[in-house]
Amino acid sequence: MRVKRRRRGSGPSVLIVGGGFAGLSAMQALAGSGANVTLVDRNIYSTFQPLLYQVATAGLTSADVAYPLWAATGKAGARFRKGELARLDLVHRIATLNSGEDLSYDYLIIATGVSAAFFGVAGAAEYSISLYTRKDAVALRNTLLDALERRNEGLADPELDVTVVGGGATGVELAGTLAELRNIALPAAFPEIDRAAFRVRLIEMAPALLTPYRASLREYTRQQLVRRGVEVELGTTIKEVKADSVLLGDGSEHHSDITVWAAGISAPDTDWTAGLARGKGGRIEVGPDLKVTGLDRVFAVGDVCVNEQAPIAQLAQPAIQQGRHAGRQIVRLLAGRETEPFKYHDKGIMATIGRRSAVVELPVGVRLRGTLAWLAWLGLHLFYLLGSRNRLVTFVNLSWRYLTWSRGGGVILGDDVPDSKQIRRSPAGPPPGEVNQSN
Ligand SMILES: Cc1cc2nc3c(=O)[nH]c(=O)nc-3n(C[C@H](O)[C@H](O)[C@H](O)COP(=O)(O)OP(=O)(O)OC[C@H]3O[C@@H](n4cnc5c(N)ncnc54)[C@H](O)[C@@H]3O)c2cc1C
């Protein structure tokens, strides 16, 4: 089947930096406008972050959650450049990539997202694995499967402690799935492992999990995790992450073979952000129309931006809607019209805990939990996943996982970690994701 491609525009140039939810929806809004659009990303693919925890727990391959940016840009009549934004010359309107290439623009849309934040917790950056990129997810999966394999072969201490730090959606999804992996898949996939020796602990500083949700859904989530055997510790701070343990605020220490950091995010703070107004959390400050404060031709959208007067959650829907809005504002400016303020249409929030268990909160007061919420979560994630191949393969892989993992299916094979301790535990060494990037 031939893919329909738009012709490239030859009008004023629009540069979009970042091909995530926000950047791609800005590009789509500009398709057919006549603008000459270039999209830059440090990767050749867009990552579907909401399913990274499935890659990390061996339910999906890393290819299932990635979509090639040359395909997306081609369909929208835009040009793709792989590269990392290094500097911005806001006066001459030039963006310089780390390769040294200069890209000039008439309008710029910054959609670079955010990354893991360690809040100065000692050892967190060195000894924990975060879950923000595809490489993080593959690194976590390989470390986890390597640890299981070693124990299955009697090559390591039978005890395996996994600590997940952060009780937001990512931490809950990860802890729930790790517990199910242990409870359901382990006997068939790694029969020599004593399940009781594999502990999953979820540590959250706040007094509840999933703080943006209603109290009843928060409590439901906690109960569902406890039912799956997750040790949930609320109101608990982490003081230090060490090679084999986590030190808590009250001075006690938990042994931890694998520590996953899902506790926070931070905005970029680097050379190219130097001349940009910054708001809460270092995010780029925008006005009501999403133009960066004090700049006429630069917009910021998605997780990286904040409007201090009307802050919104750093989630996929706000990013999609903001990207679309910024694209449309540039179309208006090109037609000599004024920009309009951005209005967020709240479509609700959802998180999954495990098989047949999720929570959904819609703005009209509708609250769902259990199987129906889980099916809604599954359907929506498949719908928003980019690419028909990804949708099909993800549907097959997740169905396979949930239908067969008690028989040893549903665990995607990982790759050997040459020396997991050395990789993960050497502060001087490369981050784990850079060591092994295969599927
Ligand atoms: C593990 C996880 C699970 C999540 N689950 C959910 C969920 O279930 N529901 C939900 O609504 N939200 C979820 N989120 C949040 C959601 O994924 C984000 O809000 C959303 O991705 C933000 O979109 P964005 O386009 O602003 O940024 P991103 O999607 O992060 O895209 C930013 C892009 O910019 C590129 N980039 C960054 N810096 C540079 C640079 N200097 N030069 C060039 N390119 C650069 C990156 O490679 C990336 O492609 C989750 C997030 C994570 C990490």
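Predicted model: local features only at pLDDT ≥ 70, side-chain atom pairs only at ≥ 80, totals over all residues.
1. Residues are numbered from 1 along each chain as its sequence is written, and side-chain values use heavy atoms, with hydrogens and water left out.

2. A backbone N or O atom of F21 is placed 3.1 Å from a ligand oxygen atom. A polar backbone atom of R42 lies 3.2 Å from a nitrogen atom of the ligand, and one of L315 lies 3.3 Å from an oxygen atom of the ligand. On its own the ligand has 990 Å² of accessible area, of which the protein covers 90%. Accessible areas come from the Shrake-Rupley method with a 1.4 Å probe, and for residues only the protein chains shown count as cover.

3. Helices (H or I, at least four residues) and strands (E, at least two) are DSSP runs, numbered from the N terminus.

4. Helix α1 is largely enclosed by the rest of the structure, because seven of its ten residues are buried. Buried means under 20% relative accessible area, exposed over 50%, and partly exposed in between (1.4 Å probe, protein chains only). The buried residues of α1 are A22, G23, L24, S25, A26, M27 and L30. They pack against β1 (13-17), β2 (36-41), β3 (45-47), α3, β9 (107-110) and α8. Just after α1, G32 adopts a positive phi of about 80 degrees.

5. A76 belongs to the loop between α3 (69-75) and β5 (79-82). With a relative accessible area of 11%, A76 is buried. Its contacts, leaving aside neighbours within four places in sequence, are with R6, M27 and A31, where contact means heavy atoms within 4.5 Å. Although A76 and M27 are 49 residues apart in sequence, their C-alpha atoms are 7.0 Å apart in space.

6. Q329, in helix α8, counts as buried at 2% relative accessibility. Beyond its neighbours within four places in sequence, Q329 is in contact with D289, F299, T339 and E340.

7. L144 is placed in helix α5 (residues 134-152) and is buried, at 3% relative accessibility. Apart from neighbours within four places in sequence, L144 is in contact with A56, V162, L178, L181, F198 and I258.

8. Two non-glycine residues with positive phi may be checked in the model. L210 has a phi of about 45 degrees and is found in the loop between β13 (198-203) and α7 (215-227). R356 has a phi of about 55 degrees and lies in the loop between β23 (349-354) and β24 (357-361). L210 counts as buried at 2% relative accessibility, whereas R356 counts as exposed at 53%.

9. As to the overall architecture, the protein has eleven helices and 25 strands. Its radius of gyration is 22 Å, close to the 22 Å that the globule rule gives for 439 residues, so the protein is as compact as a globular protein of that length. The radius is taken over C-alpha atoms, and the globule rule is 2.2 Å times the number of residues to the power 0.38. Along the principal axes, the C-alpha atoms fill a box of roughly 70 × 45 × 40 Å.

10. Of the 439 residues in the protein, 52% are buried. Among contacts between residues at least 6 apart in sequence, 65% join residues at least 24 apart. The protein exposes about 19800 Å², and carbon and sulfur atoms supply 51% of this area.

Definitions and conventions. Polar contact = N/O pair within 3.5 Å; in protein donor to acceptor, adjacent residues only side chain to side chain.
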